[in-house]
Amino acid sequence: MSTIASPANFEGKRPVIDPDDSAMLLIDHQSGLFQTVGDMPFPELRLRAAALAKMATLCKMPVITTASVPQGPNGPLIPEIHENAPHAKYVARKGEINAWDNPDFVAAVKATGRKTLIIAGTITSVCMAFPSIAAVHEGYRVFAVVDASGTYSKWRKRSR
């Protein structure tokens, strides 16, 4: 079991993304799951996920994608991700909710040799949060991209 040096594994240093030490993990950006997102229009979520894939490609970062039961109601990954990151490695899962519980996914992350992970997932509280917490526990530095992740709840503007 790993010991965490500091809560975010930045060891007191300024958290900075170094493209040469970073990998992009795009988790469960699936057409069926997009239908459950309530806090932003799903075309916007699609664009943001696709933009992350493009950014990773431009920065020459490894990209790892995965999907939870793509042949079922969650649907397949949106094609824009692999169109914008043709080098992305797809890791199939066997139904694990937390991508980090899949040994092939973890092996793909470790194979990058990168210690900083940029993570987005369709559902913030599950697809993004669970693997982010597990990766920090394993000693990785994690940047969670909330703007390319969504939630079931609708955001409501409060009146004053």
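Two residues are described here as being in contact when heavy atoms of the two lie within 4.5 Å. In the predicted model examined here, Asn102 touches Val91, Ala92, Arg93, Lys94 and Glu96, with residues up to four places away in sequence not counted. Asn102 is located in the loop between strand E3 (89–92) and helix H4. A residue counts as buried when its relative accessible area is under 20%; because the relative accessibility of Asn102 is 0%, Asn102 is classed as buried. Two polar interactions involve the side chain of this residue. The side chain of Asn102 forms a polar contact of 3.3 Å with the side chain of Glu96, and the side chain of Asn102 also reaches the backbone nitrogen of Phe105 at 3.0 Å.

The protein as a whole contains 5 helices and 5 strands, arranged along the sequence in the pattern β-α-α-β-α-β-α-β-α-β. Of its 160 residues, 48% are buried. Among contacts between residues at least 6 apart in sequence, 79% join residues at least 24 apart.

The largest nonpolar core comprises 23 residues, and Leu25, Trp100, Phe105, Val109 and Leu117 have the most contacts inside it. Two or more residues are given to this core by each of strand E1 (22–27), helix H4 (103–112), strand E4 (116–121) and helix H5. The largest share, 6 residues, comes from H5. Beyond its neighbours within four places in sequence, Trp100 is in contact with Phe105, Val106, Val109, Leu117, Pro131, Ala134, Ala135, Glu138 and Tyr140. Another core, of 18 residues, lies apart from the largest one and includes Ala49, Val63, Ile118 and Phe143.

Helix H5 spans residues 124–137 and has 14 residues. The distance from its first C-alpha to its last is 18 Å, close to the 20 Å expected at 1.5 Å a residue. H5 is mostly covered, with 10 of its 14 residues buried. The buried residues of H5 are Thr124, Val126, Cys127, Met128, Ala129, Pro131, Ser132, Ala134, Ala135 and Val136. Among these, Pro131, Ala134 and Ala135 are also in contact with Trp100. In general, an α-helix has 3.6 residues a turn, so residues three or four places apart point the same way. After H5 comes Gly139, which has a positive phi near 100°.

Notes:
Residues are numbered from 1 along each chain as its sequence is written. This is a predicted model: local features need pLDDT of at least 70, side-chain atom pairs count only at pLDDT 80 or more; totals for chains, interfaces and linings use all residues. Side-chain values use heavy atoms; hydrogens and water are left out. Helices (H or I, at least four residues) and strands (E, at least two) are DSSP runs, numbered from the N terminus. Buried means under 20% relative accessible area, exposed over 50%, partly exposed in between (1.4 Å probe, protein chains only). The expected span of a helix is 1.5 Å times one less than its number of residues. A nonpolar core is a set of buried Ala, Val, Leu, Ile, Met, Phe, Trp, Tyr and Cys residues joined through side-chain atoms within 4.5 Å. A polar contact is a pair of N or O atoms within 3.5 Å; within protein, one must be able to donate a hydrogen and the other to accept it, and residues adjacent in sequence count only if both atoms are side-chain atoms.
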